[in-house]
Amino acid sequence: MRNLLPTFLRFPIYALVLFFATYMIKLDFMTGEFKEDSFTERTQEIFLLIGVLFLAFTSIKFEAFRYFNAVLSLFFLTHLIRELDSILDGFFDGLWQILAFSVVAIAIIILIKHGKPFWKQVAEIQHQFAFGVFTVGLFTLHVFSRLYGKGTNWENLMGDGFFRTIKDASEESIELLGYSIILISIGEFYYLSKKQNSIKQS
């Protein structure tokens with residue numbers, strides 16, 4: 001029973017993540033708009049920032065899966081930069097591309113220098129629950145939401161009554177769900193890295 005305690009403690013935290021996400025969506029529903037600065041968009045950015053910082057912290061604190069967590073942190077940092085493109089381009093046009101490619105370059109350098117341990121960690125982690133949750137979140141974000149949100153789908157459904165706000169609301173909500181699942185998986189990566197690190201040190 002004691003071994004199940006960490007699981008029971010994580011459940012309410014993950015439930016709060018999803019509750020917070022749906023509440024932000026509800027706020028946008030109340031305003032009747034889904035713009036670049038909507039609550040849903042900002043929550044996506046907040047979840048990304050938390051995920052990036054948490055993965056970076058995990059890679060620094062624990063030797064277990066260090067390079068996997070580091071590269072994943074940089075991967076989502078490029079997502080965050082892309083989400084903030086309108087703000088970054090306010091400084092000068094093309095800033096977000098420069099930052100994104102710089103982050104990608106750092107990730108490539110890590111893979112070149114530490115490729116062998118990185119792929120070994122991927123091989124070890126791919127069978128874990130955390131990786132399964134991560135995969136679901138990633139494909140929800142990059143596959144399902146993109147296909148689901150295609151304009152032609154909504155034009156076919158609504159015909160002459162096509163209302164873009166409904167399409168945007170639905171697509172952005174699905175994207176936030178994907179980010180929520182990914183954030184939960186990052187919590188699982190932290191727990192797994194901590195547990196594996198303890199095993200190696202004992």
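Which residues form one aromatic cluster? Select F68, F75, F76, F131, F134 and F189: together they make up that cluster. Keep in mind that the model is predicted.

Next, colour every Phe, Tyr and Trp. Across the whole structure, a search finds 14 aromatic pairs. In one of them, F19 and Y23, the ring centres are 6.3 Å apart and the planes meet at 20°; the pair counts as stacked because planes under 30 degrees apart fall in that class. F19 is exposed, at a relative accessible area of 53%, while Y23 is partly exposed, at 39% relative accessibility.

Move on to Y148 and W154. Their ring centres lie 5.7 Å apart with the planes at 85°, so this pair is edge-to-face. Is W154 buried or exposed? W154 is buried, with a relative accessible area of 10%.

The last stops pair an arginine with a ring. Select R10 and Y191: the charged end of R10 sits over the ring of Y191, 4.1 Å from the ring's centre. Then select R82 and W96. Here R82 lies over the face of W96, and the distance to the ring centre is 4.8 Å.

Terms used:
Residues numbered from 1 in each chain as written. Predicted model: local features only at pLDDT ≥ 70, side-chain atom pairs only at ≥ 80, totals over all residues. Heavy atoms only, no water. Phe/Tyr/Trp six-rings, centres within 6.5 Å; stacked < 30°, edge-to-face > 60°. Buried < 20%, exposed > 50% of the residue type's maximum accessible area, 1.4 Å probe, protein only. Lys NZ or Arg CZ within 6 Å of the ring centre and 35° of its normal.
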